[in-house]
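Q: Please take a close look at a single part of this structure, and then describe what else deserves attention. A connected account would be welcome.

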Amino acid sequence: MTLKGTENLKKEHDCIVVGAGLGGLTCANRLATAGHSVLLLEQHFQLGGLAAWFRRKKHIFDVALHGFPVGMKKTCRKYWNKEMADNIVPLEGIKFDNPQFSISTTYEREDFTRLLDQKFGVDRATVEQFFDAARSMTFTDDDSMTTRQFLSQFFPGRTDVWRLLMEPITYANGSTLDDPAVSYCIVFSNFMSKGVYTFRGGTDLIIKMMEEQLERNGVDVRTKALVEKITVEDGKVTGVIANGRHLRCRSVVSNGNLRTTILKMLPPGVISPEFREKTEKVRMNNSSCQVYMGIKEGETIDPATGDLLFTSTAEEFDAEKMLDKHVTSRTFSIYYPTGRPGHNRYTIVSSTNARYQDWAGLPLDRYENDKQALAEDTLVHLEKYVPGVRDKIDHLEVATPTTFQRYTLHVGGSSFGTKFEGLQISRGIHDEVPGLFHTGSVAIIMSGWLGAANYGVIVANEVDRYIREQSQVAPSAG
Ligand SMILES: Cc1cc2nc3c(=O)[nH]c(=O)nc-3n(C[C@H](O)[C@H](O)[C@H](O)COP(=O)(O)OP(=O)(O)OC[C@H]3O[C@@H](n4cnc5c(N)ncnc54)[C@H](O)[C@@H]3O)c2cc1C
């Protein structure tokens, strides 16, 4: 059972995982199955991090369950359990509506090839070459080519094609045309392999299943446990200070914000000036705004509306414009009762990318006004896709970048971790401070449900090696 706080803990653990986002949860589970004693400390009262949900009236709202690639099925089967993997199901109704085109798609390579050929008039051979080139990239590839350069090679001047290929990825991880092509290509190819998937039962169910498995594997999971500092002795990690207590361990994995972990949680002087300088230069990805709408009991939404609607009134794709407080692009996720068996409510979540600085530090009345304006504008746009929706809603709530910052402690309320340069820092921290590792959203590639969970596994393997090297004998079971 998950307990609150840091009372009654073992004297020492093989590993303390700081933060129960998808990266931290998966890392903790892997380490426990490898036989290590693991303590998982989460500052919030709920596990999941950005994979969050909340209840209002009789509604359950999913915050970050809009869609992920099919790879999540394999990841859950391999690193969690089959039951979890079996609940991963395809999303069928994906639509785009913008001044350049209005289409429905399964969001798979075959369907995109058909659309690019028949609707956009692009030569099939070029489309195949584009897909093959995107698919061949790996995260160790050269990062000097930008997505703009990559797309220009295949579709010069075709801003409509760029929009089709890019807009959903910008929603999925905040990447822009000026970010490295490698990050775009990996994420895009992951989606294109078999379309977009979701978790039947909702975020609350998947996190509950994870929590139960952690318990079965002997992980001590604590909520309301804020890690303030990481302790280091003789150059090596020795524990953390959480809720004011020193908890000892042989290794620490931080699933918290990368910059905060290195620049705020470590004692002064333990990292080299060069590493500090590089960390200071790591840029955070953008944040988000969301409008959550609960539909009254007895009211319905026509399933033909679709599941995921990428809508925009902007003339062309523009990642900067997508961050603007004057919103032109929004994704509507429609949740039908079939997606949460046993529950009879429909909900709608509107997501937009956003800048933290547009929302932070506003006087309270201005902040509330701006939230209301966003809600009203969202309703006006949603009417086009769900006529009469305003009268069907009995709960409406707005989250802004400051909401995301408050619940996850991410610098700037970042929704998708860091820009590409964060990868080198996240991967390199262990060389600076032996015993300290980082997992979770970095570099666009390692973000999203699939990226974060997979990165948790990669890091768990490294921690396992480290602990074994340190003890030179198999560690005791937790
Ligand atoms: C609005 C929105 C929509 C999204 N939609 C999708 C989507 O449809 N599909 C998709 O694949 N991805 C989506 N994402 C992204 C995805 O949810 C995240 O990339 C992923 O969940 C991040 O996992 P993580 O491991 O990086 O941890 P995070 O979720 O960032 O969690 C980190 C955890 O660490 C905890 N923590 C931080 N500091 C401390 C501390 N000092 N002590 C203790 N605990 C601490 C935090 O409370 C948090 O629980 C979305 C994100 C947002 C914001």
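A: Ala, Val, Leu, Ile, Met, Phe, Trp, Tyr, Cys and Pro count as nonpolar, Asp, Glu, Lys and Arg count as charged, and the others, Gly among them, count as polar. The model is predicted. By these classes, the shell around the ligand holds 22 polar residues, 17 nonpolar residues and one charged residue. Of the 40 residues around the ligand, the ones that come nearest are G19, G21, G23, G49 and G256. At least two residues of the shell are supplied by each of the helices α1 (22–33), α14 (401–408) and α16 (448–471), and likewise by the strand β15 (287–295).

Helix α7 may be considered next. At M166 the helix bends by about 35°, and the proline P168 follows within four residues. Of the 15 residues in α7, 13 are buried, and the helix is thus mostly covered. Just after α7, G174 takes a positive phi of about 75°.

A last point is P90, which has its place in strand β7 (residues 88–90). P90 counts as partly exposed because it has 16 C-beta neighbours inside 10 Å, whereas a buried residue needs 20 or more. Leaving aside neighbours within four places in sequence, P90 is in contact with G195 and Y197. P69 is 21 residues from P90 in sequence, and their C-alpha atoms are 9.2 Å apart in space.

Definitions and conventions: Residues are numbered from 1 along each chain as its sequence is written. This is a predicted model: local features need pLDDT of at least 70, side-chain atom pairs count only at pLDDT 80 or more; totals for chains, interfaces and linings use all residues. The bend at a residue is the angle between axes fitted to the seven residues ending there and the seven starting there. A residue is buried if 20 or more other C-beta atoms lie within 10 Å of its own, exposed if 12 or fewer, and partly exposed in between; C-beta atoms are placed from the backbone. A residue is near a molecule or strand if its C-beta atom, placed from the backbone, lies within 6 Å of it. Two residues are in contact if their C-beta atoms, placed from the backbone, lie within 7 Å.
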